[in-house]
Amino acid sequence: MSLEKDVVSDRPSTPAEQIQTRRRIYQQPEFLWIVAILFLLLGCLQEAKAQTVTALPNATIGVAYSATITPSCSNCYMQDYSYENWDNGLTTDSGGNIYDVVISGTPTKAGTSTLTITSYDSSNNVLGSEKWSVTAVAATPTSISLSSSSASPSYGDAVTLTANLAGTFSGSGTVTFKDGSTNLGTISISSYRASLSISSLAPGTHSLTAVFNGDGTTSSPLTVTVASATPTITLTNSTSSTTYGSNVTFTASVSNGYSPTGSVTFKDGTSTIGTSTLSGGAATFSINNLSVGTHTITAIYSGDSSNAAATSSASSLIIALNSPTLSVSTSDSSVVYGAMPVVTATLSGSLSATGNVTFKDGGITLGSATLSGNSASYVLSGLSVGSHSISAVFAGDSYNNSATSPSTTLVVTKLTPTVVLNPSSASAAYGSTITLTASVSGAAPGGTVTFKDGSTTLGTIGVSGGTATFTTNTLTIGTHSLSAEYSGDSINAAVTSSIATVAITQLTPSLVLSTSSTSVTYGTMVTLSATLTGGASATGTVTFMDGGTTLGTASISGGSASLAINTLPSGTHTITANYSGDTYNAASNSSAVTVTVGKVAAAVALSASPTSASLGSNVTLTATITGSTPSGTVIFRDGGATLATVAVASGTASFSTSTLAIGSHNISAQYSGDSNNTAATSAAVTVSMGKATPTLSLASSAATLNEQAPLTLTATLAGGASPTGTVSFMDGASTLGTVPLSGPSASLTLSTLAVGSHNLSAVYNGDSSNNSLISSSVSVSVASIRPTAGSVSPATGSALGNTRVTISGARLAGASSVSFGGAAARIISNSDTELVVITSAHAPGSVDIVVVAASGTATVTAGFTYAALADPAQNAAVRSIVRAQNQAVQRFATAHLANFTQRLESLHGDSGAQSSFGLSFGQTNDPLREPTTWAHVGDIVSYQGSELAYLRAGLRKTALGASSAPTATSGQNDKMPDLPQATGASVRRDIAWWISGVLDLASQKGSAVQSGSRLSTSGVSFGGDYRFSRMITAGLGAGYSRNTYLADDDSASSNGQGIMGVAYASVRPLDHLYIDVLAGYGALHFDLTRRITDTGVVASGSRKGHQVFGSTTVGYEWRGKDWLVAPYVRLDLARATLGRYTESGGPGALTYFSQSVRNDTAYLGLRGQFDIAVPVGLLTPQARVAYQRNLQGAGEATMTYADPRLSSPIYSFSDGVQESKQWLLTLGGRLLLKNGLSIMLLYTHNAANAVTTSQSLNFSISGRF
């Protein structure tokens, strides 16, 4: 443990006397035992050698102060600090370098504070002494005066303001110069002086001050008066020349003044034309009524309280006549003859123009009009048809020049009359007379009207009195669109009337029908005649009709037409004649005439081909009918059953069938007759039918295929009588399957053909209409594709799995799974000839290896052997983690037994131990350490003539002799140690609170069954006790402890925690005999990890438990004036139970069953100490030797593999009772400082056995709560 600096205190305890504190500096820490020697050397401290005094910079009361000093410390080992007349506001602390000392703080009083530093070598010889002093003085108040370089400057002149300061704090900082409450500027102080130059003071009187920003001291006001500013004014015009009536803007700019205000007056010569207020240093004025001519303009600034008046230079402005523009417009740009448009002339850019405007048509003056509001209008009349150029002329007046407008065009157009056409009739028969009348409006229209039929001119007639009339009888049959076109004249425009429609219709003749006979037999000739009357030279044709059926058409000749016909069917016929009409004659129909026609008798002859056939064969039946071109149908019958109905064509009807059932059939044909022939039936014909014999073929989907590949066989029947039933597929004499026909075929798909060649065939089993038969054979060859597995390497592996196994064989590529005894393995890689897998856990024994691929399964019988499970009780990591818990349980108990035993030892004596705080680092195998307390126990040391007596002198009085009366044990300073009490003095009866800690670091060597390890145990204990009497003190406490264990090869680790509750008591049956007892209970928790060797996985888990422990110590103390020797004997007992827990971590994880742990320890020891008074307090060197015997063990630890697949048995190993004998040697001491602070250092060597050894440094600091 290396400490570069250890500052115990850097301030004195009281300001009334010299108090010494100490800072130790270790430059070269050696072996730990040097610490004990250090305390022995402290008893030999000498007085300081001759000192020199170095004065540090003075300090000021109430002002922060800091100074760094560097003592001479070449080859020094230790330094003592002492303080004289030290100011409580100052402190000392370490500086940036190891020897630097920083004095800092805020002085509270006047005077000189002195620090003395004495240096010692390692032999405690004084190397030298140095002294530094700091003098604190009172501050003098600040004063400030202000002066100016001029009391009445002109505006804009620079003025220098100077502040002169005096006082302790005014030599630096800043001064703010002010004009009333306005800040003018802040200047840094130099040599108690600050100056500010300023030229921006406004005209007027100013009250100036200077303020010291350090403490706010303000000077007396200083008055400075600044004269008014003399500005200049500049006049500008928006233009130097413009026309009458235009707007002109004048701008007056005032400059070189102090924020000028007021107004500016603008003059034209001596006449005022306007006034404007200044805004932003400028004033503007606009005017538009200056007369024509030259004007001289000036601007006069009126001045204000800070600025004098000023006049600008003159500016010239010329106003000329206005030059307006004249434009002309008409109310319409185009008018018809006789209209009276209005023409308007408008002046633009003029100013109140007066006079007349003259209007012209080219060079011809039309008239004039007076201006009104810059415009004049004139009404035009009498303009001829045509285009006119209209313009206007303004003569000018006193403010405006003359102006002529551009011309505008006005067009006068002709009148547009209307023409209305009226025919005498809208409809007339062909050849009738039609009169057309056209009525024309307008201004006395002349000219002509042309009458048209569409685009054809019928005639042209002159207009007279506004009308024109035309007569015609030559219009053709049809609808005519007639119009009248007016030609127009000089005033009236040409126009066309709307269309007038006239329809000319045909003549309507009459038609009469007659026949040569009204009753005949079918096939007899009949003549039909039609006669037309009332037409106009009729042409065209006559159509003869039988009801709705056309019989024929004949042309009109000489007014009649006729038709001869012998095709009328039998029955009654209604005959009519229809005239088609022609251009001039409308169509017409005759009245009906009735004609009756009778039927012809028919006969039927039937034949069959063949008359004998097999089932399904085609048989053709033919019926021949005689009669008059017979039509209709023939019904073929098999006995009374209708086979078919067939239409007669060319006197015959034929029917073919293949559906005649097996047996004899009597076939007949029945003719239905038609419109011209009667019905008839043939004589019967006999046909005989037998079974059909189809053909059978077999097809295979492949001639060669792999094993287990699907093969489809298809048998197809051709011919036969719609064969039904089944087809059997054969492999030689073996039936592969029987499949019903689906249509003419049957198919069978199978993948079960064995490896080799096969002759396959199909057998049709026949049905009621078809004979059975067999197909030709088909050859198919099947090749093997199944995987094969041969050698396995290695053939043996751990039952926990994780064995890398190589399987050799054929067709292994694409394997989907591999299992060992049903336990799936993880496939690492595969090829056609090799598989590499990782086994999973399985119970020990030989198992089959099964490889599953898409093409099949390969099995290696007894191909792999799972080795017997390793006994985890023999595993080094398992043993380590079990023993780590056992040791943690023992160390938990030992840690708290040590802390509570220390507390019990501190209760020995007549005065109760004060509240304390302690922390120990190191081996805890020797818990009988010296008590870590704030005050030294009164029974140990006689203080008469010692440094402690000196320490308390003047602070309080204490009875050192025996007294039956209570003796005061505290003074004005509670940080002082309690003084001893003589035997029989009153006993403290308050509750004392304490806290103590321990840190134990150890290591163990490895062995054949357990790796080396590193262990650490820490424990913190606290409690409160009460002294019931001089003989009995008892208390309650609690503690928390942690333990860490890590194997050197990282194969196992443990992190444990314990929470304890303890009851304890110290009994004093005789004056020097003490009996200390304690008992406790604790809850335990462990977080454990272990690396599983076979799988490489880290297993982890948590375990809970509980613990009980107790201790009894009997000791006897011999005390002298400043020494103590105490032999003692002690017995510690501890028992713990650890609960069951299961690790997580795969197949190698274990389940640990509950187990018991014991720890029994006996001590026989001797401790001693003596006291040495030193300048800083009391030094107590200590030594202890003890013989220790341990009996500890965990009984039997039992466990099993957690994975149920392993069918694991229960394993165990007995940790047994481990007995150890060892000697403990402790050297060190305790330093009790005068301010009540206690420091203890102990070095302990523990030789437990050849496996476990440790040495430790125990360090504690104690002080009163």
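Leu1225 is partly exposed, with a relative accessible area of 44%, where buried means under 20% relative accessible area, exposed over 50%, and partly exposed in between, using a 1.4 Å probe and protein chains only. This is a predicted model, in which local features need pLDDT of at least 70 and side-chain atom pairs count only at pLDDT 80 or more, while totals for chains, interfaces and linings use all residues. Residues are numbered from 1 along each chain as its sequence is written, and side-chain values use heavy atoms, with hydrogens and water left out.

Leu1225 lies in strand E96; strands (E, at least two residues) are DSSP runs, numbered from the N terminus. Leu1225 also belongs to a nonpolar patch on the surface, together with Tyr1116, Trp1118, Trp1123, Val1125, Leu1166, Phe1170, Val1185, Trp1223 and Leu1227, and the accessible area of the patch is about 920 Å². Such patches are made of residues with over 30% relative accessible area and no salt bridge, and nonpolar side chains (Val, Leu, Ile, Met, Phe, Trp, Tyr) are joined within 5 Å; a salt bridge is a side-chain nitrogen of Lys or Arg within 4 Å of a carboxyl oxygen of Asp or Glu. Two or more residues of the patch come from each of strand E88 (1123-1138), strand E91 (1155-1170) and strand E96 (1218-1233), and E96 gives the largest share, three residues.

Glu1143 sits in the loop between strand E89 (1141-1142) and strand E90 (1150-1152), and Glu1143 counts as buried because its relative accessibility is 6%. Its side chain makes a polar contact, meaning a pair of N or O atoms within 3.5 Å of which, within protein, one must be able to donate a hydrogen and the other to accept it, with residues adjacent in sequence counting only if both atoms are side-chain atoms, with the side chain of Arg1090 at 2.7 Å. A further polar contact, at 3.3 Å, joins the side chains of Glu1143 and Tyr1152.

Strand E37 (residues 427-429), by contrast, runs parallel to E44 and is joined to it by three bridges.

Terms used
Helices (H or I, at least four residues) and strands (E, at least two) are DSSP runs, numbered from the N terminus. Two strands pair if DSSP finds at least two bridges between them. Patches are made of residues with over 30% relative accessible area and no salt bridge: like charges are joined within 9 Å, nonpolar side chains (Val, Leu, Ile, Met, Phe, Trp, Tyr) within 5 Å. Accessible areas come from the Shrake-Rupley method with a 1.4 Å probe; for residues, only the protein chains shown count as cover.
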